Amino acid sequence: MTTATERANHCTTRLNLPSSRYNLVDSWHGKSRVRVAKVRREGTRHAFVELKVEILLRGGSARAFTHGDNSHVVATDTCKNHVYMLAKTHPCSSPESFALVLAERFLHTYSWLTQANVTVMEVPWRRAEVLGKNHQHAFSLTADGSRKATVQLIREKHGSPTVELVSGLNSLSVLKTTKSGWEGFVQDKYTTLPETNERILATTIDAQWTYRSNTISALHTMQFSRVHDGVRRALLESFYGPPDTGRYSPGVQKSLYEMAREVRKRVKEVDSVTLSLPNLHFLPCRIPVFLQNGIKFEDDVFIPTDEPHGIIEASVGSPRLSRL
């Protein structure tokens, strides 16, 4: 039976690659799509959360790639087990808190790691309502957007690790049937789209935001759920406008900027906001059979389509962040 050292030497000899030509520039390893669910029992009232976790670790594993030496590799299966161990003691109250503590756990446990990146998405289970009352222990899966958090934790030679935490709200679909137009855009020989001041505006919001206080100690005391609720409310109220009158949108770009600006105005903890708003089209139904029968389009029948779709993205933050 060959030893681990012999097998490693065999790999090195077989490859025989000049190090000056084939340097390992960077390397990561970890575990993706780790799913964990937790029930918090508070008497007869239960809370339920399901998380999807991805872990990427850097540091100490270079020789695993170049020499087949796995002595400093945290097995991906071990990464998975850390998720379940943490879920046993952590309240799982927010993706941000879980991601931060999990990243810290890896750097604390394995001294040779230089960086831990953890992404946590919360599956949108919502408490069920029965006969007008919130149910004590029943939940339904919604399509009302998902919370997400990404933590990047970097070990420093001296002092506390450097942290970057980005919160997110993904796949929040919204639509309004009027108060939207698209006019004054570039017209040339390639243009076929007519101008309009009356159309359906629909999109799926993907939002990310960073925090003004971005130290580990500050983030550990951050009320992430309150911030998330404030961001969500600002985005929706800005997109929809007042309930009785709405607000006219001359284009997705203007709506996006106003939405991000409203988040920064209302939620003081937020430093910068990045929004991605695909323009999901509802095309006027002017099919031949309508024309043959003298049926006019009256802003009433549309053909939904999501391919191809426009994509509009922008970041709004402090002047120090501007590249324009």
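Me: How do the residues lining the second largest pocket divide into nonpolar, polar and charged?
Reply: In this predicted model, the second largest pocket has a volume of about 430 Å³. The lining as a whole divides into eight nonpolar, three polar and seven charged residues.

Me: Which element gives the largest share of the lining of the second largest pocket?
Reply: Two or more lining residues come from each of strand E2 (45–58), strand E4 (125–130) and helix H6 (224–240). Domain 1 (26–155) and domain 2 (169–323) each supply at least three residues to this lining. The largest share is four residues, and the element that gives them is H6.

Me: How many residues does each domain bring to the contact between domain 1 and domain 2?
Reply: The domain assignment gives domain 1 as 26–155 and domain 2 as 169–323. Their centres, taken over C-alpha atoms, are separated by 30 Å. The contact takes 14 residues from domain 1 and, from domain 2, 12 residues.

Me: Which element gives the most residues to the lining of the largest pocket?
Reply: The largest pocket holds about 630 Å³ of space and is lined by 23 residues, with Leu193, Pro194, Thr196, Arg199 and His281 nearest its centre. Helix H7 (252–266), strand E9 (270–284) and strand E10 (302–316) are the elements that give two or more residues to this lining. With six residues, the element that gives the most is E9.

Me: Why do the residues under the UniProt annotation "binding site" not all gather at one spot?
Reply: The annotation, from an unreviewed UniProt entry, covers Thr76, Asp77, Arg199, Val252, Gln253 and Asn279. These residues do not all gather at one spot, because they span 204 residues in sequence and their farthest two C-alpha atoms are apart by 51.0 Å.

Me: Which of the residues annotated as "binding site" does the lining of the largest pocket include?
Reply: The UniProt record, an unreviewed entry, places Thr76, Asp77, Arg199, Val252, Gln253 and Asn279 under this annotation. Of these, the lining of the largest pocket includes Arg199, Val252, Gln253 and Asn279.

Me: Is Asn279 buried or exposed?
Reply: Asn279 is found in strand E9. Leaving aside neighbours within four places in sequence, Asn279 is in contact with Arg199, Leu201, Ala202, Val252, His309, Gly310 and Ile312. Its relative accessibility is 9%, and the cut-off for burial is under 20%, so Asn279 counts as buried.

Me: What does the relative accessibility of Asp77 make it count as?
Reply: Asp77 lies in helix H3, which covers residues 76–89. Its relative accessibility is 37%, and the class between buried, under 20%, and exposed, over 50%, is partly exposed. Asp77 therefore counts as partly exposed.

Me: What is the phi of Cys92, and where is this residue found?
Reply: Cys92 counts as buried, at 4% relative accessibility. Although Cys92 is a residue other than glycine, its phi is positive, near 55°. Cys92 is found in the loop between H3 and helix H4 (95–109).

Me: What is the phi of Ser171?
Reply: Ser171 is found in strand E7, residues 162–176. At 43% relative accessibility, Ser171 counts as partly exposed. Its phi is a positive value in a residue other than glycine, near 60°.

Me: What is omega for the cis peptide bond that joins Glu307 and Pro308?
Reply: Pro308 has its place in strand E10. The bond joining Glu307 and Pro308 is cis, with omega about -15°.

Notes
Residues are numbered from 1 along each chain as its sequence is written. This is a predicted model: local features need pLDDT of at least 70, side-chain atom pairs count only at pLDDT 80 or more; totals for chains, interfaces and linings use all residues. Side-chain values use heavy atoms; hydrogens and water are left out. On a 1 Å grid over the protein atoms alone, a cavity is a set of points where a 1.4 Å probe fits but cannot get out, and a pocket is an open set with protein on both sides within 12 Å along at least five of seven lines; lining residues have an atom within 4 Å of a point. Grid points are joined across faces, edges and corners, and a volume is the space filled by probe spheres set on the points. Ala, Val, Leu, Ile, Met, Phe, Trp, Tyr, Cys and Pro count as nonpolar, Asp, Glu, Lys and Arg as charged, and the others, Gly among them, as polar. Domain bounds come from an automatic or database domain assignment. UniProt positions are given in the numbering used here, feature names are shortened, and annotations may be inferred rather than shown by experiment. Buried means under 20% relative accessible area, exposed over 50%, partly exposed in between (1.4 Å probe, protein chains only). Contact means heavy atoms within 4.5 Å.
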